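Hi there,

Please have a look at it first, then read on.

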Amino acid sequence: MTRLMIVSTLLSLLIPFQALAWQGKVVKVVDGDSIVVKNLDDIELTVRLYGIDTPEHDQAYGPEAARYLSSRILDRDVNISGTNWKDCRIIGVVFFEGRNMNYMLVKDGLAWVYGDYCKEQYCTEWFREEDRARNLRQGLWSNQNPVPPWDWRKGVRRSVGNGAASGNTEESTKPKTGLEKVIDILQTIKKTSKE
């Protein structure tokens, strides 16, 4: 068994995710949607912000999303509501002074709601905020055709108006609107409730 599997197994035994809510200090902002938090036992844990995806470092608004998060929570105590454990990191919602930072990144136009993963009831509000930010052309939505990070990671690039994106000009499929994403979630819920 590899070292990574041992650490993962031990941590999964120590952290009950059904009721995971804990406090810690943010010691590093990896990027706009990943942080490292030192818990009260001085254990550093990587936390991936649940339900959102911010632009990559080399993508338009990637550095802005990381700076936004750093300016608000770096070296500060936060509360984490964990939802899952995946790839040796906690997937969770981060709260600072009562504010949901996942939601704030979407609201301020620095993140997409990650529709394939954001399945909680509160995601409906996040989709509405994404649509509002898009309509106001706020943050990343000020670019004519922002590329979702999940497409960017696959090598899809297109001009975004400010010249920040370059390379392949292959067009991505048009991102779904918040309403379309909500409909998808409701259909998934309906389908699973019938099974």
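Here is what was found in it.

First, some ground rules: this is a predicted model, where local features need pLDDT of at least 70 and side-chain atom pairs count only at pLDDT 80 or more, while totals for chains, interfaces and linings use all residues. Residues are numbered from 1 along each chain as its sequence is written, and side-chain values use heavy atoms, leaving out hydrogens and water.

The protein has 6 helices and 8 strands (DSSP runs numbered from the N terminus: helices are H or I with at least four residues, strands E with at least two). Their order from the N terminus is α-β-β-β-β-α-β-β-β-α-β-α-α-α. Of the 195 residues, 46% are buried (under 20% relative accessible area; exposed is over 50%, partly exposed in between, with a 1.4 Å probe and protein chains only).

On confidence, the average pLDDT (the predictor's confidence in each residue, from 0 to 100) is 81, and 70% of the residues score at least 70. Residues 4-19 fall below 50, with 15 contacts beyond near neighbours in sequence (contact means heavy atoms within 4.5 Å). Residues 159-174 also stay under 50. Where pLDDT is low, the predicted coordinates should not be read in detail.

Two residues deserve a look. Most residues other than glycine have a negative phi. Aspartate 42, however, has a positive phi of about 65 degrees; it sits in the loop between strand 2 (34-39) and strand 3 (44-49), and counts as exposed because its relative accessibility is 59%. Tyrosine 61 has a positive phi of about 75 degrees and lies in the loop between strand 4 (52-53) and helix 2 (62-73).

Happy exploring!
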